Amino acid sequence: MVYPFSLSPAKILTATTTITQFPDNPKTLILEKCKTIKDLKQIHARLIKTRLLHNPSVAENLLESAAILLPNEPMDYALSIFRKLEEPISPAYNIMIRGFTLKQSPHNALLVFEKMLENSAQPDEFTFPSVLKACSRLRALKEGKQIHAQVVKFGFGSKGFVENSLIHMYGNCGEIGVARLVFDEMPEKGLYSWNSMFSGYTKTGYWEEVVQLFRSMMEMKVGFNEVTLVSVLTACGRLGDLEMGEWIHEYIEANGLKGNSNLVTSLVDMYAKCGSVDTARSLFDHMSQRDVVAWSAMISGYSQANQCKEALSLFHEMQKANVEPNEVTMVSVLSSCAVLGALETGKWVHFYIGKKKMKLTVTLGTSLMSFYAKCGSIDSSIKVFEKMPLKNVLSWTVLIQGLANNGQGRRALEFFNLMLEKNIEPNGATFIGVLCACSHAGLVDEGRDFFVSMSRDFNIEPRIDHYGCMVDILGRAGLIKEAYQFIKNMPVKPNAVIWRTLLASCRVHKNLEIGEESLKHVVELEPTHSGDYILFSNIYASVGRWEDAVRVRAQMKEKGIKKTPGCSLIELNGVIHEFFAEDNIHPQSKEIYTATEEMMERIKLAGYVPNTAEARLEVDEENKEVSVSHHSEKLAIAFGLIRTSPGTAIRITKNLRVCMDCHSAIKMISKVFNREIVVRDRNRFHHFKEGSCSCNDYW
């Protein structure tokens, strides 16, 4: 609410009780005895009656008590007092500016400052820190610059606390270069000045500058404090600067600061982000008190290190400890649920967010959208998107990418067009989603058009990822030669991912010639990637050239390259179950293998024919069929069939691309057992239902 600064008389207040003894100088009584608005009204009435309110000093004391010393009271009462002042001078204006700033009404603080100048009340050195703080909170750079000019005009440019406020304002408004100029021109820099500069760099993500400034600080032998170290540790985590982080850790140990929970939490965060998760956990476990920030830092560390099971396990411990999670916690937990395909756990998080009435911010809402999309529940992702009060380009991009990966390419493009209609400017990541939508939907001409439109209509130069999407679009459509020529004509050097994308297309379309060329380039760039050899070996196997297939596998063995084992995950009742091909580590392995054999027999009767080309090459011919039947996703699906009620959807997450045999088998399983089966492989989602897949056998 914006308060009108009318000079019309305010309503005269009368006391509810009497004060028998009232001092001639009531400053102490006003500032120390006013604990509630009721106390203040009594004193106000007495001051009116005794005419002491005409004393500017007394009036200012009363005003300060109303505006600042009663923190939970709105500014209405202070404003009524201010209106009664006949000719308020700068201290009264300063109090009102401070009050509005402290009570989260920075816009009104600026209006008071404007009124102050209109009424020719000259600002003093105490005016500018508060009014600059108001600009900082509003990120009102234009007004901040105007007030900076006023600072210079009134001769307060060399006052340390005014300069500190300028640094803070410019830093918060993103003008970090100007903030640094103010800092560098200060003749004397106190610790607050240094920390203001650190704060500005931290808020704008200038992590290298934080570390450089800290090194300068040490070279100049300037003392630092906890606030400084927290900023520097945050920067070390973002930069992966473990060396500096460890030095600060040693300093904390040597100076007996381990009892400072803020510092230890920052250490936990730094180590986790630098990949030293075990060290972070050790520090976390030894903390005497752990608040939500500490728990969130550790959970986030696990999530970022891709130790998602550990992240969810720690989240469960956090709940047992009765620590209320915050938005940061929820974002990390949702990210881990997305990686693991833990739909039920993520749904509980969504329920908790609603139950606790947590604000659905852009960050939290987008994390929820991403989680649902990565768990194959794209309709839920859309529902979250529609309920979000604010959306940014990332929110739209996540939705477009999610629809593309879940086999709804045309729908993804509809949302892209809606995004443009709402004047949301797409970025490079958005176009990756758009091109993926074209790829998965087989929209070759549309993909070509969007690729050209990027630079022509949106001034976005294609990056290597965009070129990779175009290779995928052409390759998936069987335009192998055109895809190969596209790579040759690229203005940037193709990386291993580009050639690997073409190799995968050669496997699907059985193009040996270009497949050999692709493998040669991939091996030059990444000689130890097992998947490339497996892909090319499978090309040979698919056309019956078994000796060549064995030769490629033998090359792997000679070079000491080991195949990444296929791994499939399924979540049941909040527990993640993990399966590897032909393993027996699950405690119910015997039952699972029996169920798998029964499942395979039933789909054979319905017409399924095993593709033994997908079996391990070292397996004897008579055992190849058994080998393909024990792929990890088949074991996970069999487990889902015996552990869930009929008609329940089964959701699987796999670390590798689903093979052609498993794809055919799962289509038949969905039909025979009347189940919807959602498989997320390395590249996309496959929604199997009634014998068909959302990818239309195009993956």
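Helices α22 and α23 are roughly antiparallel to each other (angle over 145 degrees). This is a predicted model, in which local features need pLDDT of at least 70, side-chain atom pairs count only at pLDDT 80 or more, and totals for chains, interfaces and linings use all residues. Residues are numbered from 1 along each chain as its sequence is written, and side-chain values use heavy atoms, without hydrogens and water.

The two helices pack at about 165 degrees, with axes 10 Å apart. Axes are lines fitted to C-alpha atoms over the stretch in contact, and angles run from 0 to 180 degrees between N-to-C directions. The table lists the residues that meet (contact: heavy atoms within 4.5 Å).

| Helix | Span | Residues in the contact |
|---|---|---|
| α22 | residues 378-387 | Ile378, Ser381, Ile382, Phe385 |
| α23 | residues 393-405 | Ser395, Trp396, Leu399, Gly402, Leu403 |

Six of these residues are nonpolar, three are polar and none is charged, with Gly counted as polar.

Helix α5 covers residues 90-102. Its 13 residues should span 18 Å at 1.5 Å a residue, and its end C-alpha atoms are 18 Å apart, which agrees. The expected span is 1.5 Å times one less than the number of residues. Of the 13 residues, 10 are buried (under 20% relative accessible area). Among them are Tyr93, Ile97 and Phe100. Their cover includes α3, α4, α6 and α7. Just after α5, Gln104 takes a positive phi of about 60 degrees.

Glu676 lies in the loop between α36 and β4. Beyond its neighbours within four places in sequence, Glu676 contacts Thr648, Ala649, Ile650, His687 and Phe688.

Note on methods
Helices (H or I, at least four residues) and strands (E, at least two) are DSSP runs, numbered from the N terminus. Angles under 35 degrees count as roughly parallel, over 145 as roughly antiparallel, 65 to 115 as roughly perpendicular and the rest as oblique. Buried means under 20% relative accessible area, exposed over 50%, partly exposed in between (1.4 Å probe, protein chains only).
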